[in-house]
Amino acid sequence: MTHKNHFDGSRYANDLTLAYSAPTGTDIDWLNEIRQKSMDAFVEVGLPGPRVEEWKYTNLSSMNSKTYGVLEKAGELDAAIMAIIDDAYLDDIRGSKVVFIDGFYKAELSTIKGEDGLKLLSLNEYIKSQNGDAKTLLQSTHEVSSLANLNSALMTDGYVIQVKPNIKLSQPIQIIHVSGERSNLKALRNKNFIEVSENSSAQIIESFIGVDNVDNWKQDVTQIWVEKNAVLEIYQTQLQGNETIHMGETHIDVAEDADFKHYSLNIGAKNSRTEIKPTLNGLHGNVDLRGAFLGRGGNSHDVFTHMKHLVPECESDQIYRGVLDKGGKSAFQGKVYVAKDAQLTNAEQSNKNLLLDRDAEANSKPELLIYADDVKCAHGATVGELDAEALFYLKSRGLYLAAAKSLLVEAFIAEVYDDVAIPSVKEKYLGLARAWLD
């Protein structure tokens, strides 16, 4: 029975037979059992409606009137798809390149560099070659939401990245997701796993890109483990097509003395929702979340973070900036939970938004749930327009109004990416922001 304030999702159960025939294989009983169990859990709850507090700014009612089917194979490659891949790829970075088309790994477009201590496979390859380990991995996920269960039921591929202890990857891994015309009215669901073992480090650059005028649903769920004294940096860019619904749900377990950094830029998609849920499980763990979202002309961006401090002496910092022009809408919902035993926690959160037009909307809902008494926790949220005095000053120095606005907005966004460690990634972020402003 569907939960209160949720939409009925029972129609998606009809897609299970198609998911069973996905490249992961039709004869893997344990995998089919996971799919069925996950679908049952999803159907019991349903799709979250606008009266569900965490989804009040992401209205899925339009999805209730249609069904996004399972895509059984990727579309054919064409010049447009190849151009998208070439544009997304940073050719100064010599690490592995992993390409997904319409949610399916494409070996012929990917380059997997052999590196000691690194295991990098598509989820389908991992299930076929590491059957027992794959079962353990898939059973270890944090299925705490109905949509995560839907993902587990109907996933068609994904990736597995495992870095062994005492390994520092020499180059970042680039992962490029492209959705084409064949994905119209289809759902592209990947399930991903990243494990960075003790005393190891890795960097991942991930891009999500789609063509315009294609109504599809990209839904990824990623589980990450950053073990003791390990470091993981993720740099994500979302440039989906103008009719796409884009959802990414990421769970991160952060161990003792571990460091996790996540940078993002959301520009595309009709509706995008980014969920980042770190859990600090070990002393002196650190999490930094940085992101910007730019919207206009019907774009809606929702960023939801849930930071859990469960042990003492950990730090977290969140900085998110939104820029909304005419017809753009955004929401930032940031929750920080500090457990009773998590003394000496240092947690900060900042969300600032610029409205470039009166027909734009920015919502901000920071939330602190603190049950320890010796902590430093702060949050701030603002929504405003460009500084009139700063505009006047720049115009007095000879800049046209449009150029003055662009300069101020770029400076507003640039703060998010000040600490990006890879120069070409930093320039990519700022270049995409400039192009959007122009």
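**Cores, sheets and helices of a predicted model**

The largest nonpolar core has 42 residues, and those with the most contacts inside it are I161, I194, L232 and F260. A nonpolar core is here a set of buried Ala, Val, Leu, Ile, Met, Phe, Trp, Tyr and Cys residues joined through side-chain atoms within 4.5 Å. Buried stands for under 20% relative accessible area, exposed for over 50%, and partly exposed for what lies in between (1.4 Å probe, protein chains only). The model is predicted: local features need pLDDT of at least 70 and side-chain atom pairs count only at pLDDT 80 or more, while totals for chains, interfaces and linings use all residues. Residues are numbered from 1 along each chain as its sequence is written, and side-chain values use heavy atoms, with hydrogens and water left out.

Leaving aside neighbours within four places in sequence, F260 is in contact (heavy atoms within 4.5 Å) with I224, V226, L232, I234, I252, V254, N286, V287, D288 and L289. There is also a second, separate core of 30 residues, which includes V409, I413, A414 and L437.

Next come the strands. Helices (H or I, at least four residues) and strands (E, at least two) are DSSP runs numbered from the N terminus, and two strands pair if DSSP finds at least two bridges between them. L265 stands opposite A292 in β16.

Strand β9 (residues 186-196) and β11 run parallel and are joined by 10 bridges; I194 has I224 as its bridge partner in β11. Strand β11 (residues 217-226) is largely enclosed by the rest of the structure, because 10 of its 10 residues are buried. W217, Q219, V221, Q223 and W225 point one way from β11, while K218, D220, T222, I224 and V226 point the other way, and all are buried. β11 also pairs with β13 in the parallel sense, over 10 bridges, and the bridge partner of V221 in β13 is E249.

From there, strand β13 (residues 245-254) pairs in the parallel sense with β15 over 10 bridges, with H246 opposite S272 in β15. Strand β15 (residues 271-280) is mostly covered, nine of its 10 residues being buried. β15 in turn pairs with strand β17 (residues 300-309) in the parallel sense over eight bridges, and R273 has D302 as its bridge partner in β17.

Some loop residues also deserve a look. N229, in the loop between β11 and β12, has a positive phi of about 60 degrees although it is not a glycine. D257, in the loop between β13 and β14, likewise has a positive phi of about 60 degrees without being a glycine. N229 counts as partly exposed because its relative accessibility is 41%, and D257 counts as partly exposed at 33%. D92 is found in the loop between α3 (79-88) and β4 (97-101), and at 46% relative accessibility D92 counts as partly exposed.

Finally, there is a helix pair to describe. Two packed helices are described by the angle between their axes and the distance between the axes. Helix α2 (residues 29-45) and helix α6 (residues 146-154) pack at an angle of about 145 degrees, with their axes 7 Å apart. R35, S38, M39, A41, F42 and V45 of α2 make the contact with S146, L147, N149, L150, S152, A153 and L154 of α6.

Terms used: Axes are lines fitted to C-alpha atoms, for helices over the stretch in contact, and angles run from 0 to 180 degrees between N-to-C directions.
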